[in-house]
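Reader: I have a model open here and would like to go through a few spots in it with you. Could we take a sheet to begin with, and then some charged side chains?

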Amino acid sequence: MPTSPSDLAVVDLAVVGAGPAGLAGAVAAADLGLGVTVLDAGERPGGQFYRHPAPGLRAARPEALHHDWEAFATRASRLEAHCRAGRVTHLAAHHVWTVVRDAATGEWLLHAVASGPGGEEAPAMVRARAVLLATGAYERQLPFPGWTLPGVVGAGGAQAMLKSGLVLPGRRVVVAGSGPLLLAVAASLAAAGATVPAVVEASAYTSYARELPALVRNPGKLGEGALYGGGLLRHRVRLLTRHAVTAAHGTDRVEAVTVSRLDRDWRPVAGSERRMPCDALAVGHGLVPQLELATGLGCATRRAPDGTLALDLDPAQRTSVPGIWAAGETGGIGGAQLALTEGELAASAIAYELHGTPRPRRAAALVRRRARLRRFADAMAAAHLPGDGWTGWLDDATLVCRCEEVPAGRIREAVADLGAHDARSVKLLTRAGMGWCQGRMCGPAVACLAGGGPAEDRRPLSCPVELGRLAQLPPSVS
Ligand SMILES: Cc1cc2nc3c(=O)[nH]c(=O)nc-3n(C[C@H](O)[C@H](O)[C@H](O)COP(=O)(O)OP(=O)(O)OC[C@H]3O[C@@H](n4cnc5c(N)ncnc54)[C@H](O)[C@@H]3O)c2cc1C
């Protein structure tokens with residue numbers, strides 16, 4: 001691959017992310033005649049939802065832990081066919097660390113780090129006329145005493161371990177936090193042989209009743225919920241709503257958790273605590289859109305109903321920066337079906353904009369499907385918005401930023417005594433969010449403790465990069 005930007009051939013479209021949104025976008029764009037390069041940090045396409053075992057594990061039925069595998073399999077084989085025909089280049093194990101505009105040509109340069117099989121790294125660059133950001137999401141973690149014990153894993157992380165490594169985080173796994181992902185995770189863990197004593201959900205599912213019209217218009221989603229519910233019933237998994245794991249206990253690893261009843265604001269109800277033995281805890285409080293590349297480019301964001309920041313997109317999936325489109329979780333957490341729909345819609349809008357390609361006939365149906373799924377997603381997001389009272393789970397010694405080992409007490413001190421009132425000032429005073437994960441883990445919690453809204457994720461690089469690589473950036477790149 002050429003290493004100087006001026007030597008690069010220009011492709012019509014660069015897609016960042018090969019999850020449902022990026023995969024659907026890349027395939028649909030190639031179907032419409034665009035030349036496409038897909039870059040993904042993962043080794044295989046599929047993203048989080050269609051994560052599947054490495055070929056070396058010789059899984060007989062990789063689809064066993066998925067529903068709607070067909071939607072992935074057909075797109076993955078079309079991607080391969082486009083690659084063979086030279087219409088698509090798929091750069092797997094390529095982490096894009098920045099996207100910049102070439103001031104001389106107006107084209108986009110994507111800078112990536114390519115990881116080799118032995119862990120060696122090499123720089124890579126792609127030049128494109130348009131970019132589709134489909135970078136997905138990561139888990140929202142709200143800390144509690146004991147959350148750093150071995151055996152405490154993310155709920156989505158447990159699902160990822162199972163789907164890609166065929167391993168369970170433990171034999172007796174409590175699943176806790178908030179959001180519909182918990183049901184999927186518990187159903188998968190139980191089906192794979194774990195004992196799941198309970199799904200501990202902080203919200204009340206009764207709040208879904210307020211959104212009845214959105215639910216009724218999405219029978220497919222209700223069917224998905226029923227599928228997971230049936231799995232939980234079969235495996236005798238209890239669902240405790242308006243409850244939270246407020247502490248994890250153990251010495252070398254988690255041995256039990258404290259489960260407390262919550263009030264409407266997620267404040268623990270005194271005297272309601274009970275101990276639940278387990279050897280693993282899978283916990284997550286929803287997902288947070290992964291926006292570093294987009295916000296680095298200056299794309300506008302909006303506050304989503306689950307309290308996270310998502311990209312502000314127009315009906316054609318355009319961001320506020322001309323030439324940059326987005327699809328999937330980047331525009332608000334909504335699930336794999338919405339991501340597939342948005343990816344395809346973005347592709348048709350990009351083909352129209354670059355080549356005047358008429359919109360495919362199915363575009364109108366896709367627009368309706370997107371509206372229906374987005375309404376459902378917003379209803380779910382509102383139902384699982386964390387209540388402010390969760391901070392009542394923390395004692396002053398609880399680590400909030402685990403990278404920099406900053407406890408809750410130090411953050412409270414920065415707010416109460418030193419005048420910090422947003423995540424950024426807390427960070428400057430305490431180093432919370434300055435460590436290896438750059439606040440991806442503690443950011444939502446720190447923002448809440450500081451009393452402000454979620455801080456916009458403004459960082460010029462989306463992963464660690466050697467200084468030499470930065471020095472090689474040509475001056476024509478703004
Ligand atoms: C850990 C985890 C597990 C989940 N498990 C489930 C589940 O079991 N069931 C369910 O219904 N939903 C699950 N979800 C939700 C799931 O993310 C979405 O429903 C769906 O996958 C969204 O599709 P997407 O294409 O928007 O994003 P994703 O599927 O997340 O795909 C994003 C892709 O972008 C790539 N990427 C991100 N940044 C870069 C970069 N800078 N450079 C290169 N590549 C990049 C990632 O490697 C990834 O492949 C999970 C989410 C998480 C975070």
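Reader: How many bridges join strand β13 to β14, and which way do the two run?

Author: This is a predicted model, and in it β13, which covers residues 254-261, is joined to β14 by four bridges, with the two strands running antiparallel. Within β14, Met-276 is the residue that stands opposite Val-257.

Reader: What is the strand order of the open sheet?

Author: The order is β12-β13-β14, an open sheet of three strands with antiparallel pairing. Because β12 (243-250) and β14 (274-277) each have a single partner strand, they stand at the edges, and one side of each is left without a neighbour in the sheet. On average, and with direction ignored, neighbouring strands of this sheet are turned by 30° against each other.

Reader: Switching to charges, where is Arg-140, and what is the nearest side chain of opposite charge?

Author: Arg-140 sits in the loop between β7 (137-139) and β8 (152-154). It is buried yet has no salt bridge, and the nearest side chain of opposite charge, that of Asp-306, is 4.9 Å away.

Reader: Which atom of Asp-306 lies 3.0 Å from a polar atom of the Arg-140 side chain, then?

Author: That is the backbone oxygen of Asp-306. Beyond its sequence neighbours within four places, Arg-140 is also in contact with several other residues, among them His-285, Thr-308 and His-384.

Reader: And Glu-329, is it buried or exposed?

Author: Glu-329, in the loop between β19 (324-326) and α8 (336-355), is buried and has no salt bridge, with Arg-374 as the nearest side chain of opposite charge at 6.2 Å. Its side chain does reach the backbone nitrogen of Gly-334, at 2.7 Å.

How values were computed. Residues are numbered from 1 along each chain as its sequence is written. This is a predicted model: local features need pLDDT of at least 70, side-chain atom pairs count only at pLDDT 80 or more; totals for chains, interfaces and linings use all residues. Side-chain values use heavy atoms; hydrogens and water are left out. Two strands pair if DSSP finds at least two bridges between them. Axes are lines fitted to C-alpha atoms, for helices over the stretch in contact, and angles run from 0 to 180 degrees between N-to-C directions. Buried means under 20% relative accessible area, exposed over 50%, partly exposed in between (1.4 Å probe, protein chains only). Lys and Arg count as positive and Asp and Glu as negative; His and the chain ends are not counted. A salt bridge is a side-chain nitrogen of Lys or Arg within 4 Å of a carboxyl oxygen of Asp or Glu. A polar contact is a pair of N or O atoms within 3.5 Å; within protein, one must be able to donate a hydrogen and the other to accept it, and residues adjacent in sequence count only if both atoms are side-chain atoms. Contact means heavy atoms within 4.5 Å.
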